[in-house]
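I opened a new notebook page for this structure.

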Amino acid sequence: MRVRAPGEEIALPPRQMLPPSAWGAAGALAASALLMQAGWCGFSGAGERVDPGLIMAGALGLAIAGLAARAVCKRGLFRSCLVWCLVGVTIGCASSAAGIARRDAEYREVRSLPISARIICVRGDPSVGAYGALSDADVLTDTGERIASVAFSSEEPYAAATKLTLVGRVSPLSDDEWGRGRYMSGLIAEVDEVKRMSSRSETPGPIEGVRQAVLDAMEPQGDEARALVAGIVCGRTTELADTAAEEAFSVTGTTHLVAVSGSHLALISALVGGAFIALGVRPVFRLGAMAVLMGAYVVFTGCAPSAVRSFVMVVADMVARALGRRPHGPSGLALAVMALVAADAGVVYDLGFQLSAGSVLFIQLFFRYLEAALERIGLPRVVCEPLALTLSAQWATIPITAPVFGEVSLVSPLANLLLGPVMSALLVCGVISAPLAAVLPFADLVLAPATLLARASIFIAELCSCLPGATAALDPEGTGGTLALWAYGAAAVVYLLWRLPTGAFLRTAALVLAAVALVRAAGAFFFAPASIVVMDVGQADAILIREGPQAVLVDAGVDDAVVGALARQGVMRLDAVVVTHWDSDHWGGLPAVLSRFSVGCLIVAEGADDAVPDEVVADGDLPIKTVQQGDAFSVGRFICTAVWPLASVEGTENEDSLCLAVRYGEASASLTALLTGDAECAEVSQIVDDVGDIDVIKLGHHGSAASVDDALLDELDPEVAVASAGEGNRYGHPSEEAIEIVRRADCAFLCTYDAGDVCIQPTTAGYEVKTQRQPMRYPVYAQTALGE
């Protein structure tokens with residue numbers, strides 16, 4: 001490596017050229033996105049059904065047009081780009097037509113007979129949540145012939161290749177983003193297990209058998225470190241999902257280090273290639289064997305689109321080298337994209353595919369540019385390369401992830417810088433030790449180095465996730481398009497101009513941006529506006545009361561989702577956590593909150609402190625305070641008064657729920673709210689005289705049928721009713737009865753799984769209601785009443 005002389009200016013790296021085949025990839029993506037969306041609208045009933053025959057005829061016409069363009073246009077770049085574009089659009093049209101026709105035919109076939117007359121064959125790894133397991137499954141005939149693929153839900157998870165006969169419910173895909181995602185991935189219906197009649201496990205294939213043996217040796221259940229090893233080596237994230245470690249990787253923007261991607265294949269290629277070179281294997285045979293082994297590894301890890309994309313690119317690189325041609329990254333990416341679209345047009349809506357393709361493209365185009373810019377700022381060269389790699393990937397992926405998750409990781413560059421080397425070492429160690437652990441009798445000893453590295457990785461991720469301002473919350477509806485416009489517009493300007501500012505300019509810009517970020521972070525902490533936020537944490541309760549630096553959490557959800565919700569709100573510490581009662585959907589996320597945030601104390605109803613779960617008091621350092629009716633505590637200028645229960649309770653039943661009357665009052669603003677936990681109408685009706693007229697009610701028990709009645713709402717006279725419930729919950733919350741009662745009371749109704757976080761802020765005009773996303777399922781009734 002040449003050492004630069006002092007004061008020597010950093011040279012501008014050459015610009016990576018976009019090949020004509022990139023137009024083919026763009027055409028394939030655009031055609032597939034438009035046609036598959038039209039196919040989904042027809043499938044879900046939201047639009048007219050699409051005729052695949054017409055699409056196929058259009059694809060044929062485009063193919064003819066491509067041949068004509070090739071014959072008529074003069075040789076040159078324009079002709080190449082036009083022909084490639086027509087080829088890509090033709091691929092997109094043909095694949096979309098085939099995909100739409102196949103999905104329609106499979107749906108008709110599945111609905112033609114009861115599911116009890118079919119066989120359900122589970123495939124892939126299950127996703128296990130608080131309310132059961134969800135897996136992809138194939139519907140088979142009694143002779144074993146595949147009919148269709150469905151989303152299969154059951155109370156207990158089943159291993160891959162398990163065949164079931166059962167009584168179940170077949171329902172159409174939900175007409176929302178979840179349903180569309182399933183449709184695009186090839187699933188055509190939802191099947192819910194009612195009663196299992198029989199089950200048997202099929203003998204797995206050789207690759208699946210090896211994978212299962214490796215997983216059995218790892219024993220990822222109950223150990224986050226082993227679960228991380230299983231995720232990074234085998235591509236299985238079932239045990240890692242919904243853990244504090246998974247949440248830490250998400251907050252720090254480092255989940256891509258766990259996902260199977262090009263780095264995995266590069267490692268396989270390096271290990272196998274090095275061994276073959278040492279053995280003197282001829283280059284042609286060496287490349288062929290490496291391609292076979294990498295393909296087997298892609299199958300081994302579940303054939304994720306990002307892994308398949310990497311495999312296609314690596315194979316294209318190998319073919320180019322074998323033919324004596326110089327490999328070209330953007331060309332390999334373009335060919336990989338067209339190949340994946342040709343295999344299944346729905347892949348364009350797969351988030352993993354979008355993130356993988358986008359990050360690889362920006363790394364190829366802007367990695368060296370950003371590295372040179374960081375060197376001009378004056379950062380050490382050893383830091384510039386990994387930091388430029390992270391920044392170029394984030395440049396591409398933030399506009400994609402921000403509208404989906406509603407937040408951006410600000411600590412991601414630092415986390416990637418610290419975690420990158422450790423996770424790379426974990427990958428190397430895991431790939432080598434995992435197969436040995438499956439065949440040697442002392443698996444724990446063999447896996448010990450990988451487990452140690454996994455624990456170090458989790459520690460670093462959790463440490464970074466606890467830093468103040470680790471994430472920034474964004475409004476998905478309001479900022480998604482704007483963010484994409486700015487990010488990709490800036491990329492286009494940089495690529496076209498290809499100029500590198502001076503070091504002084506870059507240093508000044510970096511200091512200004514850092515100062516702005518610090519001022520905003522300080523403002524968010526010290527000057528946070530007064531608000532009550534009913535946060536979207538699934539089928540659970542989590543309500544944030546805050547003003548300035550003071551914040552109290554009322555209930556902690558059912559799992560780690562509450563940590564992400566608090567990060568979304570910019571919370572850095574909590575003065576207290578109130579647990580209304582000891583149902584898991586009100587305290588289940590508390591251990592994760594205690595591990596990630598500084599918490600002043602725990603507040604429960606009088607008598608409920610005897611039933612505190614062991615997971616909450618494991619370290620014994622959390623002060624516990626009890627309150628009875630009439631006791632109050634303040635959060636800024638909010639006064640929170642306990643109004644129920646009327647006597648000491650065990651805190652284990654819904655009727656034991658601690659209810660809080662929350663009031664905010666000063667000369668210029670006011671707000672009154674009632675937070676009811678899981679208390680229902682029978683309990684709340686006994687305290688209406690103590691509560692009086694209110695502005696907002698958090699419906700008890702997630703908006704169950706018994707949560708309100710006409711008389712209760714007539715007494716309390718709220719203008720806004722909020723229910724906290726999870727998408728597709730099996731209880732049917734919020735109930736249609738409760739919604740109808742709220743409607744009759746001329747009260748605005750909102751539900752968290754539809755509107756996201758619901759924020760109510762006192763203002764000089766009364767109060768203001770803001771939602772994380774635009775409510776669609778339940779329109780806001782009586783909007784003119786808000787704030788009046």
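**Cores**

I looked for the largest nonpolar core and found that it has 68 residues. The residues with the most contacts inside it are Met535, Leu553, Leu566, Leu574 and Val593. I noted that I am working with a predicted model.

I took Met535 next. I left aside its neighbours within four places in sequence. Met535 is then in contact with Ala542, Leu544, Leu553, Val562, Ala565, Leu566, Gln569, Ser724, Thr752 and Asp757.

I also found another core, which lies apart from the largest one. This other core has 54 residues, among them Val214, Ala217, Val251 and Ala415.

**H11 and H12**

I turned to helix H11, residues 329-343, and helix H12, residues 351-377. Their axes come within 10 Å and cross at roughly 165°. Angles over 145 degrees count as roughly antiparallel, so H11 and H12 are roughly antiparallel to each other. I logged their crossing as left-handed.

Which residues make the contact? From H11 they are Gly329, Pro330, Leu333, Val337 and Leu340. From H12 they are Phe353, Ala357, Val360, Leu361 and Gln364. I sorted the contact of H11 with H12 by class: eight nonpolar, two polar and no charged residues.

**H12 and H13**

I followed H12 on to helix H13, residues 381-405. The axes of H12 and H13 come within 7 Å and cross at roughly 140°. I logged this crossing as right-handed. The residues of the contact of H12 with H13 divide into 19 nonpolar, six polar and four charged.

Definitions and conventions:
Residues are numbered from 1 along each chain as its sequence is written. This is a predicted model: local features need pLDDT of at least 70, side-chain atom pairs count only at pLDDT 80 or more; totals for chains, interfaces and linings use all residues. Side-chain values use heavy atoms; hydrogens and water are left out. Axes are lines fitted to C-alpha atoms, for helices over the stretch in contact, and angles run from 0 to 180 degrees between N-to-C directions. Helices (H or I, at least four residues) and strands (E, at least two) are DSSP runs, numbered from the N terminus. Angles under 35 degrees count as roughly parallel, over 145 as roughly antiparallel, 65 to 115 as roughly perpendicular and the rest as oblique. A crossing is left-handed if the near helix is turned anticlockwise from the far one by less than a right angle, and right-handed if clockwise. Contact means heavy atoms within 4.5 Å. Ala, Val, Leu, Ile, Met, Phe, Trp, Tyr, Cys and Pro count as nonpolar, Asp, Glu, Lys and Arg as charged, and the others, Gly among them, as polar. A nonpolar core is a set of buried Ala, Val, Leu, Ile, Met, Phe, Trp, Tyr and Cys residues joined through side-chain atoms within 4.5 Å. Buried means under 20% relative accessible area, exposed over 50%, partly exposed in between (1.4 Å probe, protein chains only).
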